[in-house]
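Please read the following briefing alongside the sequence and the 3D view.

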Amino acid sequence: MQSVIINSNQAGQRLDKFLRKYLPEAGTGFLYKMLRKKNITLNGKKAEGSELLYQGDQVSFFFSDETFAKFSGRNGVSVGRIAGEDIISCNRQGFRDASELAEYNRAYRELTGIDVVYEDEHVLILNKPVGILTQKAEEKGSSLNEWMIGYLLYSVPDFETQLEGFRPSVCNRLDRNTSGLVLCGKSLPGLQFLSRCIRERSIRKFYRTICLGQLREPKLVKGYLQKDVNRNRVSIVPVESKQNISSEHAGEYIETAYRPICVGEEYTLLEVELITGKPHQIRAHLAGLGHPIIGDFKYGNTVVNKEMQQAYGLKYQILHAFRVEFPEKEEIKGSAETAKTAETAGLNLSGKTFTVPCPKQFQQLQIKLGLSD
């Protein structure tokens, strides 16, 4: 028999969802069959799979060692070196193989320039530099997500023991060449809290950018975002034009607010609030308004971008996730299933604001273009 005591990162989810993570090689049908036959029990009793798990619960598996190893993917690799990489023990941690752990270690060593802005028991806030993906786009790549797990494995004592059935994850995505604040769920309650706040738009996210032309008044702009998956581009349909498009092709509704910080002769330093968070929303929305972000070779002005590249070496869009504002405690709400853990995870962040300065090249361009902060 094998048993696992549910920890804080595993609590708050249904038993069947936990089992699918804990035994990733087992089919859903097999898991329910084992529950019916009491080969998997919860606190010594028969379970259906729909039960909500609490910290301290005991899940027991009446399997042979071979069967458990087959369906869990645990291979018992201890601390050592795999393919020249230093790895941390994965005997009981739920890793499918040592290469997964080596990937986290490698990302933590090789991805540079990432800063930890804030950290508590449940939440991690990082400052991502230009050139790093938030989440990897292909199997062999590395991203901020892998760096974060590698960082936690190195910096938090015994963090590997918390990873059974749970992986920390980033909660908001930035384009590869957009820098700034990324929110990460370090624990399951933290992940639930951040995901729900983002879904309910109670976390306010602000960006700084330099756009072409003069924008003199703050404004809230609305539209519909259409995706072109094949070209990895989006386009914006203004609200007033929606009546000319069938509803099935109108796209997703978006809102973007902006206010000018400094208006120059040819460019504007802009603060943008991302009210609805869609891929490429700020870049495409400003371009659709006739004020594209400088350095944006996908949505911007080709002539201006080439001039910027030749004059200043600019190779990417000037866009920085500058500030996040968390809701006050009394605004932190949730379903009966997650309210207790989510509220606890968000207590330390109630009413807090986090700001990170723009990257060096951004600040240098401000000076050269006469855009004081």
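**The largest pocket**

At least two residues of the lining of the largest pocket come from each of helix 6 (188–199), strand 11, strand 12 (219–228), strand 13 (233–238) and helix 7, where helices (H or I, at least four residues) and strands (E, at least two) are DSSP runs numbered from the N terminus. This is a predicted model, in which local features need pLDDT of at least 70 and side-chain atom pairs count only at pLDDT 80 or more, while totals for chains, interfaces and linings use all residues. Residues are numbered from 1 along each chain as its sequence is written, and side-chain values use heavy atoms, with hydrogens and water left out.

- The largest pocket has a volume of about 1000 Å³, a pocket being, on a 1 Å grid over the protein atoms alone, an open set of points where a 1.4 Å probe fits, with protein on both sides within 12 Å along at least five of seven lines, and lining residues having an atom within 4 Å of a point; the volume is the space filled by probe spheres set on the points, which are joined across faces, edges and corners.
- There are 37 lining residues, and R173, D175, K278, P279 and H280 are the closest to the pocket centre.
- Helix 7 gives the most to this lining, with three residues.

**Nonpolar cores**

- The largest nonpolar core has 35 residues, of which L126, M148, Y207 and I282 touch the most other members; such a core is a set of buried Ala, Val, Leu, Ile, Met, Phe, Trp, Tyr and Cys residues joined through side-chain atoms within 4.5 Å.
- Helix 5 supplies the largest share of this core, seven residues.
- Another core, of 21 residues, lies apart from it and includes F18, L35, L53 and F68.
- Leaving aside residues up to four places away in sequence, I282 touches Y207, V272, L274, I293 and L319, with contact meaning heavy atoms within 4.5 Å.

**Cysteines**

- The structure holds zero disulfides, a disulfide being a pair of cysteine sulfur atoms within 2.5 Å.
- The sulfur of C184 has its closest cysteine sulfur in C171, 6.8 Å away, and therefore too far for a bond.
- C184 counts as buried because its relative accessibility is 0%, buried meaning under 20% relative accessible area, exposed over 50% and partly exposed in between (1.4 Å probe, protein chains only).

**Overall fold**

- The secondary structure comes to ten helices and 17 strands.
- Of the 373 residues of the protein, 50% count as buried.
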